[in-house]
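Let's take a walk through this structure together. Have a look at it first, and then we'll go piece by piece.

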Amino acid sequence: MTTSTLRPVPRADCIADAAGGITFDVVGADTPQAALVLKRRGGGKAPEDELRLPLTPLGGGVSRAVLPSTVELAEGRWDARTDDGVALEPGIRDLRAIVDQTPGDGTDRIAVRVPYPTTDGRLAVRCWVRAPHAEAGAIGLAPEAGTMSVEGLLYGTELGEGAVAEARLSSGGRVHEVPVTGEGRAFGFTLPYAPISDTPPGKEQLWELWLRPARDADGIRISRILDDIWDKKGIFVYPKQTTDSYRAAPCYTGDNDLCVRLTAAG
């Protein structure tokens, strides 16, 4: 009769800092030459799709790896594993430093990293890299007027002449523009639902919200990423307003991009 000992699943406690760095304290991966590996989901075998972070033993079965804020990570979801391919379980995640981030006025590039638990119980890091960036703030609803309003801040650019917000049908083919108010980095606009719901009721429509800070400028995706919530889709839920054909409501995607969702009324 033989007795086998199951290897415990390694677990990582995380501390995130406001600059974008993350410290991982790992229990169960303190073998010599061990490393914590971040692998970009959906990436290939290119060197930029994998990052190895050396694990330094701290004693008591705990080892530490550090992701400095100066190390580049492409936007996406990065799964955390040991160097022999074992997925890490999420432990305590200290995200207090990134709850309400307020980058300075001179910030041209926004890089946000949030460690989070996946739906199947693994540890991953959600990374955003935006330059320039349009951060959504307060969202207002006016049921009597059939409109929604958005306020926010720009990073890496400022408002210029001819600034507009765009609602772009995600399936393509239609764009609706509304004027933008504000000054400098601060922007605001009001979007009426009627012009984007003027088609016969059908399948659900998703309209992406973009900002063009000047008449000839490229569009900037409006998102909300400067906090500790890695997926706002099921957390920030807004009341629906009924148009002639649809029910309309602001929403966030799983990537925290701001949209308007239309569903058939009735």
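Which residue in S7 is the bridge partner of Arg40? It's Trp78. Keep in mind as you look around that this is a predicted model.

That bridge belongs to a pairing between S3 and strand S7 (residues 76-82), which run antiparallel and share five bridges. S3 also has strand S4 (residues 50-54) as a partner, again antiparallel and again with five bridges. One spot to look for there is Val37, whose bridge partner in S4 is Arg52. As for strand S3 itself (residues 35-40), five of its six residues are buried, so the rest of the structure largely encloses it.

Now step back and take in the whole thing. The protein chain has 21 strands and zero helices. Its C-alpha atoms fill a box of roughly 75 × 45 × 35 Å along the principal axes. Of the 266 residues in the chain, 43% are buried. If you count the contacts with a separation of 6 or more, 62% of them are between residues 24 or more positions apart.

Next, find the open sheet made of five strands, in the order S5-S6-S2-S1-S8, with mixed pairing. Strand S5 (56-59) and S8 sit at the edges, each pairing on one side only. From one strand to the next, the twist averages 25 degrees. Inside this sheet, strand S1 (residues 11-16) and strand S2 (residues 22-27) are antiparallel partners joined by six bridges. Ala16, for example, has Ile22 in S2 as its bridge partner.

With 31% relative accessibility, Val99 counts as partly exposed. In sequence, Val99 is 81 residues away from Ala18, yet their C-alpha atoms are 8.9 Å apart in space. Setting aside neighbours within four places in sequence, Val99 is in contact with Leu226, Asp227 and Asp228.

What about the aromatic rings? Two aromatic pairs turn up in a search of the whole structure. In one of them, Tyr116 and Trp230 have ring centres 5.6 Å apart and planes at 20 degrees, so this pair is stacked. The two residues come from distant parts of the chain, 114 residues apart: Tyr116 is in strand S9, while Trp230 is in the loop between strand S18 (220-223) and strand S19 (241-242). Tyr116 is buried, at 3% relative accessibility, whereas Trp230 is partly exposed, at 24%. Phe236 and Tyr252 make an edge-to-face pair, because their planes are at 80 degrees and their ring centres are 5.7 Å apart. Phe236 is in the loop between S18 and S19 and Tyr252 is in strand S20, so this pair ties together parts 16 residues apart in sequence. Both Phe236 and Tyr252 are buried.

Our last stop is Asn256, in the loop between strand S20 (246-252) and strand S21 (258-264). Buried or exposed? Asn256 counts as buried, because its relative accessibility is 0%. Its side chain reaches the backbone oxygen of Ile229 at 2.9 Å. Leaving out residues up to four places away in sequence, Asn256 touches several others, among them Trp128, Ser223 and Trp230. That Trp230 is the one from the stacked pair with Tyr116.

Technical notes. Residues are numbered from 1 along each chain as its sequence is written. This is a predicted model: local features need pLDDT of at least 70, side-chain atom pairs count only at pLDDT 80 or more; totals for chains, interfaces and linings use all residues. Side-chain values use heavy atoms; hydrogens and water are left out. Buried means under 20% relative accessible area, exposed over 50%, partly exposed in between (1.4 Å probe, protein chains only). Contact means heavy atoms within 4.5 Å. Two strands pair if DSSP finds at least two bridges between them. Helices (H or I, at least four residues) and strands (E, at least two) are DSSP runs, numbered from the N terminus. Axes are lines fitted to C-alpha atoms, for helices over the stretch in contact, and angles run from 0 to 180 degrees between N-to-C directions. A polar contact is a pair of N or O atoms within 3.5 Å; within protein, one must be able to donate a hydrogen and the other to accept it, and residues adjacent in sequence count only if both atoms are side-chain atoms. Rings of Phe, Tyr and Trp (its six-membered ring) pair if their centres lie within 6.5 Å; planes under 30 degrees apart count as stacked, over 60 as edge-to-face and the rest as tilted.
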